[in-house]
Amino acid sequence: MVWREQELTTFNPSKTQYVFDLSAYAGQSVRILFFMGSNSSSTYSDVVMHIDNLRLKEINPNCIAPEPALTDKDNSSLSFSWPYAEGETIDVQIAATMSFEQVIDSATISAPTHTFTGLNAATEYFVRTRKHCSQTELSFWSDPVSATTACSLYPLPFTEGFETMPVGN
């Protein structure tokens with residue numbers, strides 16, 4: 001399998017997992033090369049690439065995390081859905097950063113949707129899912145999906161005359 005330059009340009013530097021199907025190479029020796037070349041039109045003289053936490057693992061093709069999609073939002077909640085088969089168990093998490101170092105809320109559910117409530121208005125959050133494939137097997141986490149809660153609402157008419165603002169402040 002050879003990855004061409006146009007395919008590599010779709011990669012992004014965020015902590016994203018990539019899964020490549022190498023089943024066509026079962027029983028063969030496979031070499032994996034990480035290469036980053038300098039583009040002559042680049043204004044940077046040095047090219048730096050970092051690879052961290054590389055894991056090669058055989059995975060069950062039926063054990064892939066469903067991708068969450070935003071379905072509804074207001075100023076204090078976000079609702080998501082994902083592809084779902086009857087009887088599946090799904091873990092879903094929400095965090096304020098894409099790294100999920102501090103998970104705000106999580107749930108283990110058997111449903112195709114979930115709503116996170118009690119969130120801050122006008123705030124970006126990240127959501128990910130994973131699938132329970134058996135009692136001992138979990139899928140990898142899905143790629144994080146970004147969503148922002150709506151702004152707070154104010155009753156109309158709303159007026160601010162600025163008459164009580166002290167001079168000099």
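In strand S2, Ser81 is the bridge partner of Ala69. Strands S1 and S2 run antiparallel and are joined by four bridges, where pairing takes at least two DSSP bridges between the strands. A hairpin of four residues leads from S1 to S2. S2 also pairs with strand S5 (residues 113-116), again in the antiparallel sense and over four bridges, and here Leu78 stands opposite Phe116. The model is a predicted one, in which local features need pLDDT of at least 70 and side-chain atom pairs count only at pLDDT 80 or more, while totals for chains, interfaces and linings use all residues. Residues are numbered from 1 along each chain as its sequence is written, and side-chain values use heavy atoms, with hydrogens and water left out.

Stepping back to the whole chain, there are one helix and seven strands, and from the N terminus on the order is α-β-β-β-β-β-β-β. These elements are DSSP runs numbered from the N terminus, with helices (H or I) of at least four residues and strands (E) of at least two. Of the 169 residues, 20% are buried; buried means under 20% relative accessible area, exposed means over 50%, and partly exposed is in between (1.4 Å probe, protein chains only). Among contacts with a separation of 6 or more, 60% come from residues 24 or more positions apart, a contact being heavy atoms within 4.5 Å.

Phe80 is a handy residue to look at in S2 (residues 78-81). Phe80 is buried, with a relative accessible area of 1%. Setting aside neighbours within four places in sequence, Phe80 touches a list of residues that includes Pro68, Leu70, His114, Phe116, Val127 and Val145. Glu67 is 13 residues away from Phe80 in sequence, and the two C-alpha atoms are 9.7 Å apart.

Another run of pairing involves strand S6. Strand S3 (residues 89-95) and S6 (residues 124-132) run antiparallel and are joined by seven bridges, with Val92 standing opposite Thr129. On to S7 (residues 145-148), S6 makes four bridges, also antiparallel, and Phe126 has Ser146 as its bridge partner.

Then there are the cysteines. The count comes to one disulfide, taking a pair of cysteine sulfur atoms within 2.5 Å as the rule. The disulfide joins Cys63 to Cys133, with an S to S distance of 1.8 Å. Cys63 sits in the loop between H1 and S1 and Cys133 in the loop between S6 and S7, so the pair ties together parts that are 70 residues apart in sequence. The disulfide is right-handed, because the torsion about the S-S bond of Cys63 and Cys133 is about 90 degrees. Cys63 counts as buried at 6% relative accessibility, whereas Cys133, at 26%, counts as partly exposed. Cys151 is exposed, with a relative accessible area of 54%.

Ile51 lies in the loop between helix H1 (5-8) and strand S1 (69-73) and is partly exposed, at 44% relative accessible area.
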